[in-house]
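Trainee: I am new to this structure and would like to learn how to read it. Could you walk me through some of its features?

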Amino acid sequence: MAKLQLSVAIGPYDRMRPLVDGEVQIDAVDPQFMLLEPEEIFFRAFRHEAFDICELSLSSYAVRVAKGDSPYIAVPVFPSRAFRHTCIVVRTDRGITRPEDLRGKRIGIPEYQLSANVWARAILEEEHGVRPAEITWVRGGYDTPGRVEKISLNLPPGVVIENAPEGATISGMLAAGELDGVMGPRAPSCFERGEPNIDWLFPDPTAAAQAWFRKARIFPVMHLLGIRRTLVESHPWLPSAVQKAFEKSKAVALARLVDTSATKVTLPFVEENLRAARRLMGDDFFSYGLAANRHVFEWFLRHHHAQGLSSRLLAPEELFHPSTLESHKI
């Protein structure tokens, strides 16, 4: 039987390299990998259904599942997970010294519905009592004018979103003092350049994230892995085959990360940080599968619906193909 030749669009993460390099195979699939930035993958997937298998924004996907028109069905593989206490950068000359000081401020966003922003707003509301309607949101590209939402939104009353002026970017507006802060998955370029009066909202975001994890036991999921729904209908074995391969690829990457005789990433203190992560979060700190992450999705989906993004409250099982929710045992 000839293998299925499928396009696969993912980011260039260490946990994907064994697949991309051919060391790990997807059963009965000949994958054609494209290593792309998340923004390009998500735009092409949700606007044009451009890929057979691809990384998907958790938030955008949940919006489409709630509406019942998602062209993809997910498997519980999570290419990107990240604590988002680094997600908010503010002007230090605006009297913002704690999250509560964001009330009444103008905060730039690349898109309102981005997964990182859902998580950040949920933390602001649940931990600090700051509601989305208490902030004016200004939407625009980080460094390219004219960015728009990938999907249509129906936000709750009181939530105000303005578009950045024509030709303006949220990084430029923050640097010029026209915004009080920026929230998003990337740091604005003015922050990266070290311009004055711009810093993280949380002075020590790692400590803040660790404290939140000890309380909530949540490691936020940013991205899922989706398979074109029509493919799954024709090949019902495909979701489990994809999940198995991506699990194996991650295991190979983690085994290499543990071997610190010569570190595999261009960063000091790898061994110390790996040990610290496992002390805090357990050995399988970057877990895939719904069973280990049910509470993560329940928390996210509750806030996603409350923020007016998903039209109804989803159950975690609705996000994933049923065949990926159980596995054989020997």
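Trainee: Where is the place of Ala28?

Mentor: Ala28 sits in the loop between α1 (17-20) and β2; helices (H or I, at least four residues) and strands (E, at least two) are DSSP runs, numbered from the N terminus. This is a predicted model, where local features need pLDDT of at least 70, side-chain atom pairs count only at pLDDT 80 or more, and totals for chains, interfaces and linings use all residues. Residues are numbered from 1 along each chain as its sequence is written, and side-chain values use heavy atoms, with hydrogens and water left out.

Trainee: Is Ala28 buried, exposed or partly exposed?

Mentor: Buried means under 20% relative accessible area, exposed over 50%, and partly exposed in between (1.4 Å probe, protein chains only). Ala28 counts as partly exposed because its relative accessibility is 25%. Ala28 also has a positive phi of about 60°, although it is not a glycine.

Trainee: Which residues does Asp52 touch?

Mentor: Contact means heavy atoms within 4.5 Å. Leaving aside residues up to four places away in sequence, Asp52 touches several residues, including Ser7, Tyr72 and Arg228. A polar atom of the Asp52 side chain lies 2.9 Å from the backbone nitrogen of Ser7.

Trainee: How do I read the sheet?

Mentor: Strands of a sheet pair through backbone hydrogen bonds, either parallel or antiparallel. Two strands count as paired if DSSP finds at least two bridges between them. Here 5 strands form an open sheet in the order β2-β1-β3-β11-β4, with mixed pairing. The edge strands, β2 (29-35) and β4 (72-75), each pair on one side only. β3 and β11 (residues 223-228) run antiparallel, joined by 5 bridges, and Ser57 stands opposite His223 in β11.

Trainee: And how are packed helices described?

Mentor: Two packed helices are described by the angle between their axes and the distance between the axes. Axes are lines fitted to C-alpha atoms, for helices over the stretch in contact, and angles run from 0 to 180 degrees between N-to-C directions. α4 (residues 115-128) and α11 (residues 294-306) pack at about 85°, with axes 10 Å apart. That makes α4 roughly perpendicular to α11 (65 to 115 degrees).

Terms used. Polar contact = N/O pair within 3.5 Å; in protein donor to acceptor, adjacent residues only side chain to side chain. Parallel < 35°, antiparallel > 145°, perpendicular 65-115°, else oblique.
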